[in-house]
There are 2 protein chains.
Amino acid sequence: MLNVALMGYGVIGSGVAKVIEENKKLIASRLGEEIYLKYILEIKDMSSTPYADRVVTDLNIILNDPEVKVVVEVMGGIHPASDFTRSCLEAGKSVVTANKAVVADCGDELLALAREKGVRYLFEASVGGGIPIIRPLINDLASNEIEGICGILNGTTNYILTRMTNEGCTYEEVLKDAQKLGYAEANPAADVEGTDALRKIAILAALSYGKLIPMDMLKAKGITEVSLTDIAVAESFGCSVKLIGRAGKLDDGRIYATVSPEFVEDSCPMAHVNDVFNSILVRGNMLGDAMFYGKGAGKLPTAGAVVADVIDALETKYAAPARLFWEKADINDVLPADDVIGNVAKKFCHIFEDGEALKKAVEGKIDISFVSCSGDIHAVMCSEPVLEGSVKTYAVLS
Amino acid sequence: MLNVALMGYGVIGSGVAKVIEENKKLIASRLGEEIYLKYILEIKDMSSTPYADRVVTDLNIILNDPEVKVVVEVMGGIHPASDFTRSCLEAGKSVVTANKAVVADCGDELLALAREKGVRYLFEASVGGGIPIIRPLINDLASNEIEGICGILNGTTNYILTRMTNEGCTYEEVLKDAQKLGYAEANPAADVEGTDALRKIAILAALSYGKLIPMDMLKAKGITEVSLTDIAVAESFGCSVKLIGRAGKLDDGRIYATVSPEFVEDSCPMAHVNDVFNSILVRGNMLGDAMFYGKGAGKLPTAGAVVADVIDALETKYAAPARLFWEKADINDVLPADDVIGNVAKKFCHIFEDGEALKKAVEGKIDISFVSCSGDIHAVMCSEPVLEGSVKTYAVLS
């Protein structure tokens, strides 16, 4: 019996319990022993769950139990989740999390602490939900210089854009419906303003470049201003509008990360990533483009990724490889948020071959003062971000 | 200095040398030390390469050098590659390979031997070239029951089908051109008849279900009979023709693997996987569908995956997890090749809602005697294989 503790019994936490229960036999066949959820740290009423007898409210019970080797943190928020994580690692327990806020805030310290203690800090589920991306990026792409990374990183906004595109409903209409259906929160700001996606692209950039850009040095442009006209213009170019997170490194060594709506050509697999699905594209200097696609959120996909990390932590008793590490970026490491568009364009743009034709076509349809050329960092896949200030601009793939 | 030996300096072998050389600094920053290619086992003339002074023709030199911890096997073919691999593992050296023939032939024994010796046997590059699939399948999906797996697993055939579709050229014309350009071999049988894809789907099935189906128990239908009419019919249904490898497990526990051309709907990301790109879709019982996309072949993408495995083998000194193992399937474990279509259909088919309409439409266009219903194992993504004997049949996603 391999004993595990769970901190937090919300959507993901109850999913973790469900995956461990439903796939019990399968997991035992893979691990050689069953996983047993020994404690659940939770303050809310758990009497109606099958786990009432395992609830604890005092973290020390978990910390002081030598039988518990792995603790799952799915509490959400930075505090006290990060403090509890620190205590678990200090007590010599591996920690698995889906909490991107903690990873983005102090993942570097927690990784260093885990290494010092010879345990694991794993967070595959913190980016892209159930999509395998962190382990492949760290391991399978270890031989590659990461030239760029981009993706559809937020399921709520992709759901809204998909329905706007397919049904011709306005942003406001779809948002209201999505809230009713539980696909969007009552306060949807973190999703629709791009903050959630920004946090994820910042983590992916940290894994790729070894520097984590603090959130206050980043800017996102969400989907709140995407109109049906934008979608119609996109369609007239054979494109879909997608909210794309994007990160890269300039020749001078500075890194950047940004989130904004982009046009994605229909011939590109990413244009067909619809509803709550997410997709992440990584360009390696040897590999070229690789794309990872799947459910970027949701109780069971995310919980499945958490439990896979638990299996890994239980089975492979080695510290994280040295290359899995980042430090906090300082101001000199980062392209200022306001310069991202111009500089990214400078590095990656090649003039759109029929740029003039595009400019005319777009100007004829909407009120704009500038049309960007397209970029080629992910030329096979999608355009560069080209939203500048409040002026709406468009670019499509050449 | 971390010493590595290379067995075979063909396309992939020279790529491995190039990746190690070109990304030397990056790899050193990740590993803490540089990788040095100490020996190349090769019998051909190497005097024009920068490695002339490192060539050896006697495997014992590598086996007897305690400085060499990892050996890369990229010789191709089963013998003597598998024998040399066995010798290296017995000498306590980890082996990394891109050789799918060896993995499919005796990967089970080699994994067991590696475990016994406390070293690694890694083969990420053997399926999907540079696409991370084996490590994600083993690790990131460890908590999931694999309900099915399918994919575009051969770059040559996908290149041919893409050009037939885009340019309206016949199979014979494109094949001739592909041979000139080096995308297809002089004897293209392994690619165009589906054997290469079949070997890959058999390996993926082994990883998913713990049983490797021997090649002589499997059948593939390649692309040699795909005509421009087929492609036109597909287009009339909003589909593309793709060569799809597919594996799964029936309720009675028997497993199957097959390769055949299928119709894939344009709304599905896999329909837009073109040219030499590959794509693999895995359905987990918790995750749902995840898709992996990238360059499934080619010197540098494949070599990059090999070198990533080398980094892993050099850095993480633990034996493979127990769950990375399979045994050879016996006849009772496997759905007979001739029954695959009917039984897969029985398990997964639901009658195509407008099956009659489809039948009429198709019958109006081509000479067929049977139209299959569609399946839903990957209903979001693509159809079931429905080619039966010499009679051409079609199915599209409902």
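The crossing of H5(B) and H10(B) is left-handed, meaning that the near helix is turned anticlockwise from the far one by less than a right angle (clockwise would be right-handed). This is a predicted model, where local features need pLDDT of at least 70, side-chain atom pairs count only at pLDDT 80 or more, and totals for chains, interfaces and linings use all residues. Residues are numbered from 1 along each chain as its sequence is written, while chains are lettered from A and ligands numbered from 1 in the order in which they are written.

**The helix pair in chain B**
- Helix H5 (residues 100-117) and helix H10 (residues 195-209) of chain B have axes that come within 10 Å and cross at roughly 45°; axes are lines fitted to C-alpha atoms, for helices over the stretch in contact, with angles from 0 to 180 degrees between N-to-C directions.
- H5(B) and H10(B) are therefore oblique to each other (under 35 degrees is roughly parallel, over 145 roughly antiparallel, 65 to 115 roughly perpendicular, the rest oblique).
- On the H5(B) side, the contact uses B:Lys100, B:Ala101, B:Val103 and B:Ala104, and H10(B) brings B:Arg199, B:Lys200, B:Ala202 and B:Ile203; contact means C-beta atoms, placed from the backbone, within 7 Å.

**The sheet in chain B**
- An open sheet of 6 strands runs in the order S3-S2-S1-S4-S5-S6, with parallel pairing; strands (E, at least two residues) and helices (H or I, at least four) are DSSP runs numbered from the N terminus, and two strands pair if DSSP finds at least two bridges between them.
- Strand S3 (55-56) and strand S6 (121-122) are the edge strands, each pairing on one side only.
- Strands S1 (residues 2-7) and S4 (residues 68-73) of chain B run parallel and are joined by 5 bridges, with B:Asn3 opposite B:Val68 in S4(B).
- H12(B) lies across S1, S2, S4, S5 and S6 of chain B, at about 155° to S4(B).

**Where the chains meet**
- Chain B and chain A each put 50 residues into the contact.
- H12(B) gives the most to chain B's side, with 10 residues.
- That side of chain B divides into 27 nonpolar, 13 polar and 10 charged residues (Ala, Val, Leu, Ile, Met, Phe, Trp, Tyr, Cys and Pro are nonpolar; Asp, Glu, Lys and Arg charged; the others, Gly among them, polar).
- Strand S12 (residues 288-295) of chain A pairs with S12(B) in the antiparallel sense over 3 bridges, and A:Tyr293 stands opposite B:Met291.

**Symmetry**
- A 180° rotation with 0.0 Å of shift along its axis superposes chain B on chain A (RMSD 0.0 Å), by least squares on C-alpha atoms of residues with pLDDT of at least 70 in both.
- The two copies are thus related as by a two-fold rotation axis.
- The copies meet through the same surface, because 100% of chain B's interface residues are also interface residues in chain A.

Note on methods:
Two residues are in contact if their C-beta atoms, placed from the backbone, lie within 7 Å.
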